[in-house]
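This report walks through a structure at the level of chains, contacts and single residues. The structure comes first.

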Amino acid sequence: MRHARLRFAAFAVLVVAAAAPSAASAAEAPTLRFGAGSKGGGFDRLAQALDEGLAETGGRVRLEIDNTKGSCENIKRLLNGELDVALVQYDVAAEAFKASLIPPDEDQEDDAFGGWMCKISAEMARGAELSLVAALSDGAVHMLVRRPVRIDDFEQIGDAPVYLGKDGSGSFETAKVIVGAAGKTVDRLNLYQGGSGEAFDELRAQRLLVMLRTTEQGDSDIVDVVSSGLASINPLPEDVLNRLIDGYPYYRICQIEPKTYPGLEYAVPTVCVSTVLLAAVPGRADPVTEARVSLGVDALLDALDRIASDPARKSLGVRPRWQGFAEKEPIPLHPVASERERSKIWRGVGQAVGFLAVLLTCGLLLRRYLRRRGYLRNPLSSGIEGHLSNPLVPFAGFALIVLMATFVVWLLEHDSNARLRTLDDSFWEMNMFATGNFSTETLKTPGARFVGAVATIMGLGALAWFTAALTNIFARDQTRLFQRRRNHLVILNFREDMLQLVRLLRSPGPARLKAIHVMVPEALPRRVRVQLAKVKSLTIHQENPEVPDNLLHLRLHKASRVIVLEGEATASGELFHPLRIARAVLQAAMTTAGGGEVAISAATGRPALAGHHLSGPNQEGLPRTLVETSDDDPEALFAPFRSWLVPINARQLTYTWLVRAASDPCFADFFTGVVSFRDDNAEVYTAVPPPWLIGRPWIVVRRTLYSSEGRAGVLPIGLHRGGVGGPEDGRRLAINPDFESVVQATDLLVVLCEDEVDLLRVLRRSRKIAGEQEERWRREQASER
Amino acid sequence: MDASRTRVIVVNFAPEARGLTAAVADFFGRETVELVCVGATPRREAEAALARAASEGLQIRYLEGSVDEGVDRFAARLAEAAEIAEAAAVIVLPVSGSAEVDAHSRLTCVAIQRACGERPLPTTVVAIEDPEASVEFSGLGVTTIFYPGFLRAALFAHACVDLPVFNFILGLLRGRFRVETLTIPEHLRGRTFGDACMTLERDAAGRPLTLVGVFADDPEADGATAMRINPGARFPLAKAASLLALTERP
C-alpha cells in the first residue's frame with residue numbers, strides 16, 4: 001500500500017514537472033531508454049517517428065534511442081534492465097513473458113540460455129516485469145520462392161539454399177518456428193548466411209530457392225523481386241498454419257491481399273505477427289523509475305496517436321491496438337495503456353449507443369410516416385399466421401441466420417483458422433452449414449462449432465419453412481409474391497358468374513391494366529379459383545369480407561374501386577350480406593387511411609361507425625365502392641354510405657334491360673357492342689381535353705375529332721362536366737350538348753373509339769385540325785349573321 | 001283485351017320477378033301497356049305478387065301454365081289464352097327450380113314458335129343462365145338472348161375503368177339515351193360515314209344529333225342487315241341500309 005502511494009506521488013511530481021512549459025523543465029524532461037533496431041531498418045524508422053511524435057506532443061519525455069540488432073537483443077536488454085521501452089516482435093515478447101511465468105527451481109540453477117525464442121532462459125525472463133504499451137504495426141510472413149518452383153510442402157526444399165533472416169532478428173525467430181511447424185529444424189536446412197539485401201541478390205541470381213521474410217505487406221524489396229518475375233509469393237501450407245497457431249498462438253492467420261504485389265491475383269494465406277512497444281520495469285525498481293516509465297508510456301501513447309493520424313507517416317503502417325492483434329495476447333497491458341483502452345471502450349460504447357438512439361429515432365419516424373401513408377399493415381392484421389404463409393419471411397430468416405453465423409464464427413476463428421481468414425470465407429462456409437452440411441473439421445473452437453451447429457439446425461428449419469410456404473402458395477393455385485396495392489381493384493365476395501367481370505377487366509381496351517384483388521368465399525369451387533389464378537396481376541384472398549381486419553391488408557383507401565358482390569348461400573348456410581361488407585369496407589378503409597388508428601368521429605368522440613355522415617371519399621380516404629344488391633330499396637338501405645358508395649340493383653337493371661331489349665331490338669345490339677370491349681371500334685372512354693381544345697365550342701371539338709385520323713376513327717358523343725373528382729352523378733353527363741357549349745378545363749370528353757390508346761393518340765394530333773375547324777365555324781357564324 | 005295497348009307477355013313468371021312489372025310500367029307507361037304473365041306459380045300466389053303493380057294502374061293478366069305440361073299443350077294455351085302472336089314483345093325468364101334451366105327456356109321458345117304458327121314471332125327476348133347455351137336457340141325465331149351475368153359484369157367493369165362511362169351505360173340502360181335509326185339522305189348516298197357525321201349535325205327539331213353507326217349488309221346472314229357501331233370515317237354509305245344516331249330523351 002505504501003509502495004503504491006509512493007509510486008503515485010512520484011508519478012504526480014513527474015507529470016507536473018513534465019507539464020511545466022518552461023525551457024528549463026523541457027531540458028529536465030525524463031529520459032526513456034528506447035530499444036530500436038539496426039540503423040535504417042523498420043524499427044529504427046519507427047523509433048525516429050516516435051521521437052518526433054513526442055516532440056510534437058509536448059516533449060514531456062525524451063527518447064534515448066539505442067540501435068540494436070532487433071527483437072532478440074531488445075527483449076534481452078529489456079529483461080536486463082538496460083532499456084525502459086523497446087520495439088519487439090510480439091512472438092518473441094510473448095515467449096519471454098511465458099518464460100517469466102515459470103517458477104524458479106531453487107534446487108537447480110537455470111541454464112544461461114533457455115529454449116525459448118532468442119534463447120531466453122526463465123531466469124533471465126524473470127529479470128523484469130514486461131507490459132504491453134501497444135501493438136503498432138503488422139508484419140506478414142512472405143514465403144518467396146524462386147520461379148517457376150511452387151512449394152506446398154517444406155519437404156520439397158531438400159538441400160536447396162534457404163534464407164530465414166539474420167540470426168537474432170525477429171524475422172529469423174519467426175522463420176524458425178514456421179520451419180518447426182513443418183516438422184523440420186533449421187539445423188538441417190541449407191541456410192544462407194548473410195544480410196537480407198544479399199539474400200535478395202542471391203534470389204535474383206537464382207541461387208536461392210526459398211526466402212522467408214517477415215515484413216509489412218507491400219515491402220519495396222519484395223515488390224522488386226516479384227515484379228522482376230524471378231520469384232513468387234507462395235502460400236504457407238494449411239497444415240503448417242494450423243500447427244503453428246496451435247503451438248504459438250501469438251501469431252494470427254492472415255492473408256496477403258491480392259494486388260499487393262505485381263501479378264498477385266489471389267489472396268495468399270500466411271501468418272501475421274505484430275510489432276509491439278514493450279515496457280519493462282526491473283523487478284526491484286524504485287517508485288520513481290516506475291513513475292518515469294509510466295509517464296513515458298503516457299507520452300508515447302500520445303505520440304503514437306499523432307503518428308497514426310498523420311497522413312505523411314502513413315507509410316509506417318502504425319495502427320495502435322491493445323487487443324485483437326494475435327490469436328492469444330498473454331502480456332498484460334501497462335496500467336496507463338489499460339486506462340487508455342478502458343476510456344476508448346467507453347467512448348466506443350457511447351458512440352454506439354448514440355448511433356443506435358439516432359437509428360431507433362429514425363426507424364420510429366419512418367414507421368410513423370409509413371403508417372400514416374398506409375404502407376404498413378395494422379398490427380391487428382399482421383399476425384403470426386400471415387408471416388408463416390409468406391415465403392419471403394423464412395428466406396429472410398435464412399439469410400439472417402447465415403449472416404449472423406458468418407460474423408460470429410469469423411470473429412471467433414479468423415485469427416486461428418486458415419479456412420476462415422476473411423468474412424467471405426466464413427460466409428461461404430456458413431452457407432454450407434446452414435444448408436445441412438455440418439462439419440467438425442471446418443471449425444476449431446467449441447464456441448464456433450456450437451454456432452455452426454445452431455446455424456445448421458436453424459438453416460434447415462428455415463429451408464423447410466420456405467418450402468412449405470411455397471407449397472402452400474402453389475396449393476392455392478397462385479404464385480403472386482408481390483402484390484400491387486395502389487390504384488388497384490378490389491372485388492369482395494366473388495362468385496362464379498363474375499368470371500365474366502374479370503375477363504372484361506382484362507380485355508385489351510383500357511390503356512392500363514390495374515392489379516385486381518379478389519376475396520373469395522371458402523365455398524367457391526376449385527375450378528373457378530384455377531381460372532382466376534391464371535389471370536394476370538390477380539391475387540386471390542380467401543377470407544370473410546365482413547370482418548374489417550380481414551380487409552386491412554388490401555389497403556382499401558388506396559384502391560381505385562371496390563366492388564361488393566351479392567353472395568350465394570352455401571350448403572353451410574353462410575351468406576355474406578353486402579351491407580355488412582360495406583360496413584367492413586368503411587372500417588378497414590378508415591383504419592388504414594388513419595395509419596392503423598381507427599378514425600374517431602368528431603360528432604360522437606367514438607370510433608366512426610357506418611352511420612356517420614361522411615363528407616366525401618377523397619377527404620376520408622374511402623374508396624369509390626359499388627355494391628351489387630337485389631333489395632327492393634337499395635338507395636335507402638345504403639343511404640349512410642351514399643357519399644362514397646353506389647348501390648346497384650342488379651336484378652332490377654336486368655329487368656330494365658329485358659324490357660328495353662323487348663321493345664327495341666337495336667338497343668340490345670348497341671348496348672352489347674358498347675360494353676363488351678370487343679375487338680371493334682365501339683368502346684366508350686373519357687379523356688381530358690388537350691389545352692388547344694379547352695375554351696372552344698363543342699361543335700368545333702366534335703368536328704375536330706371527326707376529322708382526326710385514328711386507327712379507326714373516334715366519335716365524340718358528349719361531355720362529362722366537372723372532371724373526375726367529386727361525387728359521381730349522372731347529371732354531369734351531357735350527351736349531345738349544345739353546339740355553343742364551351743369545353744372547360746375540368747370537363748372530360750366522352751368518345752366512342754377503338755381503345756383508350758387510340759383516343760389519346762388522336763387527341764395529341766388534333767391541334768392543327770382544331771384551328772382549321774375553329775376557322776370554319778367562325779365563317780359559318782359570320783355567314784349566318 | 002285492349003287492342004290500343006302495347007301487349008307484353010312474360011313467360012315463366014314467378015313472384016320473385018315482380019320487379020319486372022315495374023320495369024315494364026316505367027318504360028312503356030302504365031296507360032299504354034298490357035302485361036300478360038304466364039307461369040307455373042299458382043294463380044293466387046302470383047296475383048298476390050302482382051297486386052301492387054295492378055293497384056298502381058298497370059293492366060296485368062296472369063295465366064297459369066308452363067312447358068312442363070307439354071310443348072303442344074302449352075303452345076295452345078299461349079296461342080288461345082295469351083294470343084301471343086298478337087303481342088308486341090315476349091320475355092322468357094329462366095325457371096330457377098328447373099333441373100336444366102336453359103333447356104326449359106328452349107322448350108318454352110319452341111312452344112311460342114308453335115303458338116305463332118306461320119305468323120312471325122313477336123320480338124322475343126330470352127334470359128339464359130349459361131351463356132354457352134345461347135347457340136341452342138338458333139332457328140327458334142328468338143330476337144335476343146340475354147345473359148344477366150354479362151350485364152352485371154359489364155356494368156361493374158365499366159365502373160372500374162371509367163365512372164363517367166359507367167353513368168353513360170346506366171343512362172343507356174334506363175332509357176335516358178336512345179339509339180335511333182335514320183334513313184340515309186339521298187345526297188349522302190355516295191358519300192362516307194365521316195361525311196355524314198360532319199353533315200347531319202341536328203335532328204328535325206334542330207337538336208344536336210350524334211351518328212354512332214350504321215345498319216349494313218351482314219355478310220354472314222343472307223339479305224339481313226347487322227349493326228356496325230363506329231364503322232370508321234371512310235365507310236361508304238352505299239353499303240349501309242340506314243344510320244344510327246344517339247339521342248337523349250327530352
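## A salt bridge along one helix

A:Glu774 and A:Arg778 are four residues apart in helix α27 (residues 767-784) of chain A, so about one helical turn separates them. Their side chains meet in a salt bridge, 2.7 Å from N to O. The model is a predicted one.

A:Glu774 is buried, with a relative accessible area of 9%. A:Arg778 is partly exposed, and its relative accessible area is 48%.

## Salt bridges between distant parts of chain A

Over all chains, the structure holds 50 salt bridges. One of them joins the side chains of A:Arg33 and A:Asp84, at 2.8 Å from N to O. This pair links distant parts of the chain, 51 residues apart. A:Arg33 sits in strand β1 (residues 31-35) of chain A. A:Asp84 sits in the loop between α4 (71-80) and β3 (85-89) of chain A. A:Arg33 has a relative accessible area of 26%, so this residue counts as partly exposed. A:Asp84 has 0% relative accessibility, so this residue counts as buried.

A:Arg721 and A:Asp747 also form a salt bridge, with the closest N and O atoms 2.5 Å apart. Here too the pair links distant parts of the chain, 26 residues apart. A:Arg721 lies in the loop between β18 (715-720) and β19 (733-735) of chain A. A:Asp747 lies in the loop between β19 and β20 (748-753) of chain A. At 26% relative accessibility, A:Arg721 is partly exposed. A:Asp747 is buried, with a relative accessible area of 2%. Elsewhere in chain A, a network of salt bridges links A:Glu52, A:Glu56, A:Arg306, A:Asp310 and A:Arg313.

## The two chains

Chain A has 785 residues, and buried residues make up 51% of them. There are 27 helices and 20 strands in chain A. Of the contacts in chain A with a separation of 6 or more, 72% are between residues 24 or more positions apart. The accessible surface of chain A is about 36500 Å², and 55% of that surface belongs to carbon and sulfur atoms.

Chain B has 250 residues, and 54% of them are buried. Its secondary structure comes to seven helices and 10 strands. Of the contacts in chain B with a separation of 6 or more, 64% are between residues 24 or more positions apart. The accessible surface of chain B is about 10800 Å², with 48% on carbon and sulfur atoms.

## The interface

How much area do chain A and chain B bury between them? The value is about 6800 Å², and 71% of it is on carbon and sulfur atoms. The contact takes 82 residues from chain A and 75 residues from chain B.

Between chain A and chain B, the count is 14 residue pairs in polar contact, both at pLDDT 80 or more. Helix α23 (residues 650-663) of chain A gives the largest share of the side of chain A that touches chain B, namely 14 residues. That side of chain A divides into 45 nonpolar, 17 polar and 20 charged residues. Three salt bridges are counted between chain A and chain B. B:Arg152 forms a salt bridge with A:Glu628, the closest N and O atoms being 3.1 Å apart.

## Two residues of chain B

B:Thr210 is in strand β8 (residues 210-217) of chain B. Its side chain makes a polar contact with the side chain of A:Arg702, at 3.1 Å. Neighbours within four places in sequence aside, B:Thr210 is in contact with residues including A:Arg702, A:Tyr706, A:Pro716 and A:Ile717 from chain A. Its contacts in chain B are B:Leu244, B:Ala245 and B:Leu246. Is B:Thr210 buried or exposed? B:Thr210 counts as buried because its relative accessibility is 0%.

B:Ala241 is in strand β10 (residues 240-248) of chain B. At 41% relative accessibility, B:Ala241 counts as partly exposed. Neighbours within four places in sequence aside, B:Ala241 is in contact with B:Ile184, B:Arg189, B:Phe215, B:Ala216 and B:Thr225. The C-alpha atoms of B:Ala241 and B:Thr183 are separated by 7.7 Å, although these residues are 58 residues apart along the chain.

How values were computed
Residues numbered from 1 in each chain as written. Chains lettered and ligands numbered in written order. Predicted model: local features only at pLDDT ≥ 70, side-chain atom pairs only at ≥ 80, totals over all residues. Heavy atoms only, no water. Contact = heavy atoms within 4.5 Å. Buried area = accessible area lost by both parts, 1.4 Å probe. Salt bridge = Lys/Arg side-chain N within 4 Å of Asp/Glu carboxyl O. Polar contact = N/O pair within 3.5 Å; in protein donor to acceptor, adjacent residues only side chain to side chain. Nonpolar A, V, L, I, M, F, W, Y, C, P; charged D, E, K, R; others polar. Buried < 20%, exposed > 50% of the residue type's maximum accessible area, 1.4 Å probe, protein only. Areas by Shrake-Rupley, 256 points an atom, 1.4 Å probe, with all protein chains shown as cover.
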